[in-house]
Every structure is written in structure tokens, then in C-alpha cells.
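Open the model in your viewer and get ready to select residues by number. Each stop tells you what to pick and what is there.

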Amino acid sequence: MITPVLPAARTASDQAVTADESITAWALAARGGDADAVEHFVRALHRDVQRYVAHLCTDPQAVDDLAQDTFLRALGSLHRFEGRSSARAWLLSIARRAVIDSYRHAAARPRLSDTADWQLAVESAQPQGLPGFDDGIALLDLLAVLPDERREAFVLTQLLGLPYAEAAEVSDCPIGTVRSRVARARATLIGLLDAAERPSAELAA
């Protein structure tokens, strides 16, 4: 059994790197047949996969199924994972392919409803009753107006904490493109926040 150690003195960035190293170590151990490592690997990344899939998927009812499909694919492909990138980036790449495959499958059959709401799915995947939860919902409202590619880049780097290089790998695009999408997403979000706060400031004046 592999147990990660996260020193309290480390910065949040350092902790993220250390956590990724532990997760990657679990994936490599799971590849060798360590059942405990498999459990740690799945638990460590389950929420990230759900959040990422929810931001990509247009069907909130499919989020859990897509997350499960992602882990089934990953566990079936662990023998090919060599640790060249972090296990988290590798798994999110699989999640992205799972969503794309689900789109292709859906396109081949009649749709029963066109009222899908990705935002509802993200909200249901969030832990409720925690400090900042209302702020998180407000952020989701703002993210909803972003174009899909910018929202994906922002979610990967700013919410899930992936380095730009790994986000580029997951999104299958150049790192410069990811940086540009994140910068534009930030500019849009800042503009929306300023616009939302302006009426309150005017009333208080």
C-alpha cells in the first residue's frame, strides 16, 4: 500500500505536484496488480473526472456513466501506462475520449430530449454544505457563457489544477493555444464580474 505524504510547510502548488506524484505512483503500482493502489488511484481522481466530464458533457444524466466508463477504460489500459505524463493527465485524456465517443454514439441514435444542462451536472458533482459552495455555483453560472474550448481550458488549469503542458496534452492542442484560451476566459470572467458588481457599487454610492 502506497501512502502519500504532504508536508504542511509546502505551498499549494507543491502539494499539487506531490499529490500528482503519489497518484502516478499508485497507477504504476496498480499496473503491477496492487489492489490497494487501484482503490487509491480511483478515489483520488474520481471527483476530478466527474467535474471534467460534467463540463464537457451535454447530458447531466450521463456524467456518472461516463466517469465509470473512464475508469473502466483506464483500468483496462493500465498495462500501457508508463508514467511519462502524470496519471491524472492520462486519465483525463481518457475521459475526454469517452465523452467524444458518447457524442458519436448519440449521433447514431435518435435523441429523446434536447434540454440537457451541463451546469446542473457540475452542481450535482460538487460537495454541498461546504464553505464557498455558493461562490462555486456563481462561478458555474459565469462559466456557462464561455465558449466550450475556453471553458475546458479554464476548468483543466484553474479548477482541476493541471499544468498548461498537461492541459494541452488532454485537449490535444498546442500549449500556446491553452494559454490563449485561459487568458481569454479570464478576461471574459473578469468583465462579467465587474459588470455584476457595478450596479451594487452604484447603489452604495
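## Stop 1: helix H8

Select Tyr 164, Glu 166, Ala 167, Ala 168, Val 170 and Ser 171: these are the buried residues of H8. Buried means under 20% relative accessible area, exposed means over 50%, and partly exposed lies in between (1.4 Å probe, protein chains only). Helices (H or I, at least four residues) and strands (E, at least two) are DSSP runs, numbered from the N terminus. Helix H8 covers residues 164-171, and six of its eight residues are buried, so the rest of the structure largely encloses it. Step on to Asp 172, which follows H8 and has a positive phi, near 60 degrees.

A note on the model: it is predicted, local features need pLDDT of at least 70, side-chain atom pairs count only at pLDDT 80 or more, and totals for chains, interfaces and linings use all residues. Residues are numbered from 1 along each chain as its sequence is written, and side-chain values use heavy atoms, leaving out hydrogens and water.

## Stop 2: helix H7

Now select residues 148-159, helix H7. Find Glu 152 in this helix. Is Glu 152 buried or exposed? Glu 152 counts as buried because its relative accessibility is 5%. Leaving out residues up to four places away in sequence, Glu 152 touches Tyr 52, Leu 56, Arg 96 and Ser 171. Contact means heavy atoms within 4.5 Å. Just after H7, look at Gly 161, with a positive phi of about 80 degrees.

## Stop 3: the cores

Select Phe 41, Val 49, Tyr 52, Val 53, Leu 92, Leu 156 and Val 178. These have the most contacts inside the largest nonpolar core, which has 42 residues. Such a core is a set of buried Ala, Val, Leu, Ile, Met, Phe, Trp, Tyr and Cys residues joined through side-chain atoms within 4.5 Å. A second, separate core has six residues, including Leu 142 and Ala 185.

## Stop 4: the rings

How many aromatic pairs are there? The count is two. Rings of Phe, Tyr and Trp (its six-membered ring) pair if their centres lie within 6.5 Å; planes under 30 degrees apart are stacked, over 60 edge-to-face, the rest tilted. Select Phe 41 and Phe 71: their centres are 6.5 Å apart and their planes at 80 degrees, so this pair is edge-to-face. Phe 41 is in helix H2 and Phe 71 in helix H3, 30 residues apart. Next, select Phe 81 and Trp 90, a tilted pair with 4.9 Å centre to centre and 35 degrees between the planes.
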